[in-house]
Amino acid sequence: MPSASDTCASPPSGRDIVALLAALALMLSSIEYIIPKPVPFLRLGLANLPVLISLGLLSPSRVFLLVLLKVTGQALIQGSFLSVALLFSAAGSFASAAVMLAAKKACGGRATLVGISILGALASNSVQLVLARLLVFGPYAWMIAPLFLGLGLASSTVLGAVAESYHRRSRWLRGLEAARI
Amino acid sequence: MRRCCKPLDVLIFALALTLTAWSAVSVYAGGGERSVLHIAGGGERWILPLDRPHIQRVPGPLGVTVVEVREGAARVVSSPCPEQICIKSGPISKCGQWIACLPNQVFVTVTSAKGGDIDAFSF
């Protein structure tokens with residue numbers, strides 16, 4: 001007869017983890033929404049924390065599924081569904097996830113989530129600046145770059161450090177990674 | 001306790017910092033004695049002096065954004081966008097400052113009159 005501890009020990013599936021991390025992203029998006037924005041499409045990127053954690057945990061396709069859920073949830077919370085802002089957010093988030101997955105694979109153990117997070121922010125911000133250049137503001141888009149890149153660097157460094165320290169301390173996460181989902 | 005970050009992290013940080021600093025230098029440097037106001041919206045561009053009072057109506061996809069030039073500064077006084085971030089941005093007067101309205105696709109910025117060629121800011 002299986003005891004209670006046996007049922008608890010059965011590892012959650014990859015889909016369960018995507019759902020859990022997407023819920024976390026949604027909660028962080030709500031918190032971020034309360035913080036006033038000085039300029040449009042400038043974000044702290046709190047909702048990227050679950051994506052950073054997912055890198056060592058999920059397959060690339062599940063990471064992209066998580067990003068899709070994050071972007072959709074954010075758009076619903078902010079009321080920017082089917083708008084230019086959604087296009088920017090989606091393009092930035094997917095570019096960031098692609099670069100972070102590639103960087104994680106290429107760097108192996110030589111970089112921590114701090115470096116990976118900075119590369120992800122750089123990818124997201126570059127893609128959004130190019131989109132702003134092509135679709136909205138023309139050559140003036142470059143004027144936004146210093147603030148955009150500077151804030152991205154600061155917030156991605158802090159978020160990367162938070163994700164890295166959580167990654168080192170969480171026994172739950174270590175157990176999941178050991179189970180290799 | 002292991003170190004908080006590795007040499008490659010520091011290298012990546014330095015790379016991103018260099019890129020940010022380079023973009024800042026290219027945007028904020030070359031501040032001439034005289035600054036001019038650039039407004040872009042609805043596929044049109046206006047270049048205006050900052051020392052003469054003026055009201056500019058800028059058409060966009062949502063409607064008309066009104067930019068006011070007064071006392072050497074420019075501000076958005078009315079906009080059809082939902083969040084009104086462009087109005088809350090307040091006045092701009094110094095070289096490199098800008099106001100952006102993403103929903104109505106209007107951009108207002110102050111640049112040096114000397115480096116008047118806007119292509120200097122492109123990628």
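Predicted model: local features only at pLDDT ≥ 70, side-chain atom pairs only at ≥ 80, totals over all residues.
Which residue in S4(B) does Val58(B) stand opposite? I started my notes with that one, and the residue opposite Val58(B) is Thr65(B).

**Entry 1: the three-stranded sheet of chain B**

S3(B) and strand S4 (residues 64–70) of chain B are antiparallel and joined over six bridges. They belong to an open sheet of three strands, ordered S3-S4-S5 in chain B, with antiparallel pairing. Strand S3 (54–59) and strand S5 (73–78) of chain B are at the edges; each has a single partner strand, so one side of each has no neighbour in the sheet. I also looked up the twist, which averages 25 degrees from one strand to the next.

**Entry 2: the four-stranded sheet of chain B**

Next I went to the open sheet of four strands, which reads S2-S1-S7-S6 in chain B and pairs antiparallel. Here S2 and S6 of chain B take the edges with a single partner strand each, so one side of each is left without a neighbour in the sheet. Ignoring direction, neighbouring strands of this sheet are turned by 20 degrees against each other on average.

Then I checked the pairs involving S1(B). Leu37(B) has Leu48(B) as its bridge partner in S2(B). The two strands make a hairpin with two residues between them, and Gly42(B) in the turn shows a positive phi of about 60 degrees. With S7(B), S1(B) pairs over seven bridges, again in the antiparallel sense. I noted Ser35(B) opposite Ser112(B) in S7(B).

**Entry 3: where chain B touches chain A**

How many residues of chain B are in contact with chain A? I get 31, against 31 residues of chain A. On the chain B side, helix H1 (7–28), strand S1 (35–41), strand S6 (98–101) and strand S7 (106–112) each supply at least two residues. H1(B) gives the most, with eleven residues. By type, the chain B side divides into 20 nonpolar, eight polar and three charged residues.

**Entry 4: helix H4 of chain A**

I moved to chain A and tested the length of helix H4 (residues 60–78). At 1.5 Å a residue, its 19 residues should span 27 Å, and the end C-alpha atoms are 27 Å apart, so the two agree. Just after H4(A), Gly79(A) takes a positive phi of about 70 degrees.

Which residues of H4(A) are buried? I find Val63(A), Leu66(A), Val67(A), Lys70(A), Val71(A) and Gln74(A). They cover an arc of only 135 degrees around the axis, which puts them on the same side of H4(A). The general rule behind such a pattern is that an α-helix has 3.6 residues a turn, so residues three or four places apart point the same way. I then asked what covers the buried residues of H4(A), and the cover includes helix H2 (14–34), helix H3 (48–54) and helix H5 (84–107) of chain A.

**Entry 5: Val71(A)**

Last, I picked one residue of helix H4 of chain A, Val71(A). Why does Val71(A) count as buried? Because it has 20 C-beta neighbours inside 10 Å, and the cut-off for buried is 20 or more. Leaving aside neighbours within four places in sequence, I get contacts from Val71(A) to Ser89(A), Ala90(A) and Ser93(A). Val71(A) and Ser93(A) are 22 residues apart along the chain, and their C-alpha atoms are separated by 7.4 Å.

Notes
Residues numbered from 1 in each chain as written. Chains lettered and ligands numbered in written order. Expected span 1.5 Å × (residues − 1). Buried ≥ 20, exposed ≤ 12 C-beta atoms within 10 Å, placed from the backbone. Arc of directions from axis to C-beta. Contact = placed C-beta atoms within 7 Å. Nonpolar A, V, L, I, M, F, W, Y, C, P; charged D, E, K, R; others polar. Pairing = 2+ DSSP bridges. Axes fitted to C-alpha atoms, helices over the stretch in contact; angles between N-to-C directions.
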